[in-house]
There are 2 protein chains.
Amino acid sequence: MESTKLLNDGAKQIMVQTKDHNLSNGGDVVIDLDRGDPKMFYTYWKKVDNECSVNIKASELISYFPNPKDADFFCQMPEFIDAVHRVHRLVGNAVTEGRYIIEGTGSSQLFIAALRALACTAKETTSNKKHIPVVCAEPYYSFYKEVIEQERSELYQWKGDANTFQSESGPYIEVVTSPNNPDGTTRKPVLKGEEGMVIHDLAYYWPHYTPITSPADYDVMLFTLSKATGHAGSRVGWAIVKNKEIAKKIHKHLFLMSIGSCQEGFIRATKIIHFVADSYEHDVDYMLVKPPKVPVLFEAEGLFDYGHRILALRWKRLRAIAQRSEVVSLPDFSPEFCNFKGKLTYPTPGI
Amino acid sequence: MESTKLLNDGAKQIMVQTKDHNLSNGGDVVIDLDRGDPKMFYTYWKKVDNECSVNIKASELISYFPNPKDADFFCQMPEFIDAVHRVHRLVGNAVTEGRYIIEGTGSSQLFIAALRALACTAKETTSNKKHIPVVCAEPYYSFYKEVIEQERSELYQWKGDANTFQSESGPYIEVVTSPNNPDGTTRKPVLKGEEGMVIHDLAYYWPHYTPITSPADYDVMLFTLSKATGHAGSRVGWAIVKNKEIAKKIHKHLFLMSIGSCQEGFIRATKIIHFVADSYEHDVDYMLVKPPKVPVLFEAEGLFDYGHRILALRWKRLRAIAQRSEVVSLPDFSPEFCNFKGKLTYPTPGI
């Protein structure tokens, strides 16, 4: 049997028969294409459960404001911001020096806050009451459309595929997801309008998914722990923003949405991000200024290598299935030089 | 010197001179009336730092979905829901049996999700494209107005004071905050329209702030850990909802806002809520079915008693200051029988 099955809620699954009749469902491999859950790094984290745990005491993280003395960014946790700077410096996937880093409850909340900040800014200079169009080149992450359509904002409106968008003059927001969800391709903006604004969703721009060819340096970039380390339940995301006024507006909208984000998640994310970075940065210079690492860090495979290896195995298996299938066809990817790994690597998009 | 001082961002402070010249600012007592931060329980929690800590390992809470098998409520953490049922049964401040409990990133996020769910429901039965009016009797929590005005929804619009609202026929949403923020009064809805919907914000309906006179049993009730236990940085809130379809819609909007809430916060909240309940529930029956408590629980003052005592002291001090002031006047509160404490108690609103 080989079929595309629509679930009750519209979620898509593809079922492909294989020869593995030891599987509990009688040999069908179910590939859920709708609701991904990044549990692929679970085994990695299980091995370092104790080395990378956090303990939070009853009296800790009580205040609303992790950074009360900064009038512009009082909801930002300084130690988390430091960890974000460090991991991007290490990986080389985004410029953070001189940029504003804004925490959010996952990149999904940051996406909405960024839309509001950009749309409000565009509306400050015009009396036009029309919605700001939001577009993204197909195929796009279906969540963008759903979020915007359900939100029913007076500020902006989902206008679908950027390739077919009739660009009248005036402001618009293009969302660029690179590597793209769902197809893993590297992307640039499609539109070139003078008043265009771009949100770069770089959730998958990490070396386990794709070669890191240069540090991204765009106006508004979104990242999330869900994809970086696989900790989706923490709802930890961050935006890297060039312009201070835009950063302040994003921060303000996040404050109004939920009075900032859960600090337990960001304390844990800080630990996890440093753990990942520690496993790569243990040269002599680094050892001089940081406390010594526990031995496991020197012995364990770094997360980006583990992740790339696991994803490569999954792609190999998926390609084997696809070869026997009439329903599934998979894209071919070309290798590129990954600055982080120092060698040619193939993209292995998250699946 | 005695003055009302407007800060740059419009925050209000009242400065009142006292005789306490040992204070670092030369004797001025600054009462911040704009941005409360519930650190008053810090000393309580500091004493039980280790007994009420949580440890989260590297591989825990990785999935997006704490409850993946429940198609309607897959973002809800079952152990947190259990803790919420338990503490409301213990305190008697809200009916939870047969109700739906929905987690949110603080009650602020739940407030928006509830507005959307109610407004969408009202719009299903009408072709009227007008905004659903949202009102609240003055004086009201200024955050409601700011959130709604900044959100710029097509669904609803802030219409100010419920007392002066011109109630045409048709749907509206009234927000009832009881005890009220900022004045601590007990409140009921002001409007009686047939198509009216009500959100009850019961953040302060706990025995440290007010006598518990009966279990609240309204359509949509909001609570938050910030006020219940003082853990504001966790951004942990919950709604108690009568109607399943409304509960599902609130859950869906929360999913779209941030793909649920940070699970580290809810795991910790579960521990904290059980800790509070344990300090009151240690009778023989309870001991038979639950693991034995650590001794500190029997010796420590329960949070609701500690909180009430600390707030009563603060009110005493504030009244002493107000007596010498021409700017500050304070309301008088009458005592009522608190079912939880089993005696007459005075309201001691959070300050």
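# Close-up views of a two-chain model

Over all chains the count comes to 36 salt bridges. The model is predicted.

**View 1. The interface of chain A and chain B.** In chain A, 65 residues are in contact with 65 residues of chain B. The area buried between the two chains is about 5700 Å². Carbon and sulfur atoms give 54% of that area. On the side of chain A, A:Ile62, A:Tyr64 and A:Leu256 lose the most area to chain B. Together these three residues make up 13% of what that side buries.

**View 2. Polar links across the interface, and the elements of chain A behind them.** Between chain A and chain B there are 36 residue pairs in polar contact, with both residues at pLDDT 80 or more. Several elements of chain A give two or more residues to the side that touches chain B. The helices are α1 (42-47), α3 (106-124), α4 (142-151), α5 (225-228), α6 (244-258) and α7 (263-278). The strand is β4 (54-56). The largest share, six residues, comes from α6(A). By residue type, the side of chain A that touches chain B divides into 24 nonpolar, 23 polar and 18 charged residues.

View 3. Six salt bridges cross the interface of chain A and chain B. One pair is B:Arg152 with A:Glu154, whose closest N and O atoms are 3.5 Å apart. Another is B:Glu154 with A:Arg152, where the closest N and O atoms are 3.5 Å apart. B:Glu154 sits in the loop between α4 (142-151) and β7 (156-161) of chain B, and A:Arg152 in the loop between α4 and β7 (156-161) of chain A, so this pair joins two chains. B:Glu154 has 23% relative accessibility and therefore counts as partly exposed. A:Arg152 is also partly exposed, because its relative accessible area is 33%.

**View 4. Strand β4 of chain A against strand β4 of chain B.** β4(A) is joined to β4 (residues 54-56) of chain B by three bridges. The two strands run antiparallel. Within this pairing, A:Val54 has B:Ile56 of β4(B) as its bridge partner.

View 5. A:Glu245 forms a salt bridge with A:Lys248. Their closest N and O atoms are 3.7 Å apart. Both residues lie in helix α6 of chain A, three residues apart, which is about one turn of the helix. A:Glu245 is partly exposed, at 44% relative accessibility. A:Lys248 is partly exposed as well, at 27% relative accessibility.

**View 6. Helix α6 linked to helix α3 in chain B.** The side chains of B:Lys249 and B:Glu124 meet in a salt bridge, with 2.8 Å from N to O. B:Lys249 belongs to helix α6 (residues 244-258) of chain B, and B:Glu124 to helix α3 (residues 106-124) of chain B. The two residues are 125 residues apart, and the pair links distant parts of the chain. B:Glu124 has a relative accessible area of 54%, so it counts as exposed. In chain A, salt bridges that share partners join A:Asp72, A:Lys244, A:Glu245 and A:Lys248 into one network.

**View 7. Parallel strands β8, β9 and β10 of chain B.** Strand β8 (residues 172-177) and strand β9 (residues 196-201) of chain B run parallel and are joined by six bridges. B:Val176 stands opposite B:His200 of β9(B). β9(B) also pairs with strand β10 (residues 220-224) of chain B, in the parallel sense, over two bridges. Here B:Asp201 stands opposite B:Leu222 of β10(B).

**View 8. A:Pro182 in a loop of chain A.** A:Pro182 is found between β8 (172-177) and β9 (196-201) of chain A, in the loop. Is this residue buried or exposed? A:Pro182 has 56% relative accessibility, so it counts as exposed; the cut-off for exposed is over 50%. Leaving out residues up to four places away in sequence, A:Pro182 touches A:Pro139, A:Tyr140 and A:Tyr141. A:Pro182 and A:Ile351 are 169 residues apart in sequence. In space the two are 9.2 Å apart, C-alpha to C-alpha.

Definitions and conventions
Residues are numbered from 1 along each chain as its sequence is written. Chains are lettered from A and ligands numbered from 1 in the order in which they are written. This is a predicted model: local features need pLDDT of at least 70, side-chain atom pairs count only at pLDDT 80 or more; totals for chains, interfaces and linings use all residues. Side-chain values use heavy atoms; hydrogens and water are left out. Contact means heavy atoms within 4.5 Å. Buried area is the accessible area (1.4 Å probe) that two parts lose on being put together, summed over both. A salt bridge is a side-chain nitrogen of Lys or Arg within 4 Å of a carboxyl oxygen of Asp or Glu. A polar contact is a pair of N or O atoms within 3.5 Å; within protein, one must be able to donate a hydrogen and the other to accept it, and residues adjacent in sequence count only if both atoms are side-chain atoms. Helices (H or I, at least four residues) and strands (E, at least two) are DSSP runs, numbered from the N terminus. Ala, Val, Leu, Ile, Met, Phe, Trp, Tyr, Cys and Pro count as nonpolar, Asp, Glu, Lys and Arg as charged, and the others, Gly among them, as polar. Two strands pair if DSSP finds at least two bridges between them. Buried means under 20% relative accessible area, exposed over 50%, partly exposed in between (1.4 Å probe, protein chains only).
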